[in-house]
Amino acid sequence: MKLSSSTIRLMADALEVSSEEIDDSLTPGTSEVWSSLSHMRLILSLEERLGRRLAPREIISVVSASAVEALLSKRPALARDAGSPR
Amino acid sequence: MIWSPGDLVEIETVRFLVRSIEREDVTESLLSWMADPEVMTGLNLPERRMSQAQALRWAMGFDNARQFFLLVCDRATGTPIGFFTVTIDSHKTAETAVVIGDRNYWGKNVVMETRAALLDFLFDTLGIYKVIGRPHGRNLSSIYNYNAMGFTCEAILRAQMLSVVDNDRLDQLVYGILAPEWVEKRKGTG
């Protein structure tokens with residue numbers, strides 16, 4: 001999957017690496033750069049970009065760059081996926 | 001590992017030692033974790049300034065048979081940096097929770113390394129069949145750890161609890177991993 005420049009930039013900032021290091025092979029737990037702390041930064045950055053809190057299912061889905069890309073390009077969470085009211 | 005109910009637990013990883021708490025471990029640093037709002041937010045519990053006697057009663061209430069209070073210590077220094085609690089039911093299912101109280105160790109994959117060894121102990125030595133954890137929906141580091149370790153999010157309990165931070169409703173996630181799934185994960189095929 002080809003990643004957009006905004007996805008690459010957002011991930012590079014959150015994981016504190018260069019843009020060249022962002023590709024779809026990165027996954028949580030298998031790379032030192034994608035630690036629990038950088039994961040928190042990534043989720044919070046995504047929420048800031050989208051202007052809303054992510055639903056639990058969306059948070060769980062963030063396991064790759066393409067998952068980040070999908071979240072950035074999708075519409076707001078459906079009510080049935082949204083978990084508790086925000 | 002040979003272990004009998006009631007025995008103290010001692011599990012080594014590359015960087016850490018996970019071991020049963022003893023009386024002399026109930027120190028000011030352990031009390032300070034409970035009084036740290038940011039630490040306790042992970043469990044959605046209010047910070048609490050426990051007395052030494054209260055903490056001792058609490059910690060010594062774990063029987064090392066069905067309930068465990070396991071300190072996570074830095075192997076290089078022996079210093080406790082956090083703890084796991086484990087509760088085992090009659091169905092060979094264990095529920096775990098973890099606190100890393102020493103902020104210097106946040107973001108250093110302590111939980112992944114130590115929980116992996118704890119899962120080995122629970123599945124291989126104790127014969128547990130399923131391990132679960134129930135983080136709240138805003139405990140992002142905990143969710144990260146469960147996902148990265150191959151747990152399945154089996155349920156999202158909507159608006160299950162009140163947040164200690166802002167009294168808003170919080171979702172709770174139920175994560176689980178079965179013994180055969182952990183075997184596959186260890187082999188790198190799960």
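Modeller: Before we start, a salt bridge here is a side-chain nitrogen of Lys or Arg within 4 Å of a carboxyl oxygen of Asp or Glu. Keep in mind that this is a predicted model.

Biologist: With that rule, how many salt bridges are there between chain A and chain B?

Modeller: The count between the two chains is one. Over all chains, the same rule comes to 15.

Biologist: What makes B:Arg138 and A:Glu47 a salt bridge?

Modeller: Their closest N and O atoms are 2.7 Å apart. The cut-off is 4 Å, so the pair qualifies. In general terms, side chains of opposite charge can pair when their charged atoms come close.

Biologist: And why do you say that A:Glu47 and B:Arg138 join two chains?

Modeller: A:Glu47 sits in helix α2 of chain A, while B:Arg138 is in the loop between β6 and α5 of chain B, so the pair spans both chains.

Biologist: B:Arg138 is a charged residue; is it buried or exposed, and how do you know?

Modeller: Its relative accessible area is 19%. Buried means under 20%, so B:Arg138 is called buried. A:Glu47 is buried as well.

Biologist: Which residues does B:Arg138 touch, leaving out those up to four places away in sequence?

Modeller: From chain A they are A:Leu44, A:Glu47, A:Arg53, A:Leu54 and A:Ile59, and from chain B there is B:Leu170.

Biologist: Zooming out, what area is buried between chain A and chain B?

Modeller: About 1800 Å², with carbon and sulfur atoms giving 64% of that. In contact there are 22 residues of chain A and 23 residues of chain B.

Biologist: Which helix gives the most to the side of chain A that touches chain B?

Modeller: α2(A) does, with seven residues. The chain A side as a whole divides into twelve nonpolar, six polar and four charged residues.

Biologist: Now inside chain B: what makes B:Glu12 and B:Arg75 a salt bridge?

Modeller: Their N to O distance is 3.6 Å. That is within 4 Å, so the pair counts. B:Glu12 lies in strand β1 and B:Arg75 in the loop between β3 and β4, 63 residues apart.

Biologist: Are B:Glu12 and B:Arg75 put in the exposed or the partly exposed class, and on what grounds?

Modeller: B:Glu12 has a relative accessible area of 52%; exposed means over 50%, so B:Glu12 is exposed. B:Arg75 has 42%, so B:Arg75 is partly exposed.

Biologist: How do you know that B:Arg49 and B:Glu28 form a salt bridge?

Modeller: The closest N and O atoms of B:Arg49 and B:Glu28 are 3.2 Å apart, and the limit is 4 Å. B:Arg49 is in the loop between α2 and α3 of chain B and B:Glu28 in helix α1, so the pair ties together parts that are 21 residues apart in sequence. By accessibility, B:Arg49 is exposed at 51%, and B:Glu28 is partly exposed at 47%.

Biologist: Why is B:Asn109 called partly exposed?

Modeller: Its relative accessibility is 23%.

Biologist: Last topic, the nonpolar cores: how many residues has the largest, and which have the most contacts inside it?

Modeller: It has 61 residues, and those with the most contacts inside it are A:Ile22, B:Leu122 and B:Val131. α4(B) gives the largest share, nine residues. A second, separate core has 18 residues, including B:Val26 and B:Leu71.

Conventions. Residues numbered from 1 in each chain as written. Chains lettered and ligands numbered in written order. Predicted model: local features only at pLDDT ≥ 70, side-chain atom pairs only at ≥ 80, totals over all residues. Heavy atoms only, no water. Buried < 20%, exposed > 50% of the residue type's maximum accessible area, 1.4 Å probe, protein only. Contact = heavy atoms within 4.5 Å. Buried area = accessible area lost by both parts, 1.4 Å probe. Helix = DSSP H or I, 4+ residues; strand = E, 2+ residues; numbered from the N terminus. Nonpolar A, V, L, I, M, F, W, Y, C, P; charged D, E, K, R; others polar. Core = buried A, V, L, I, M, F, W, Y, C linked by side-chain atoms within 4.5 Å.
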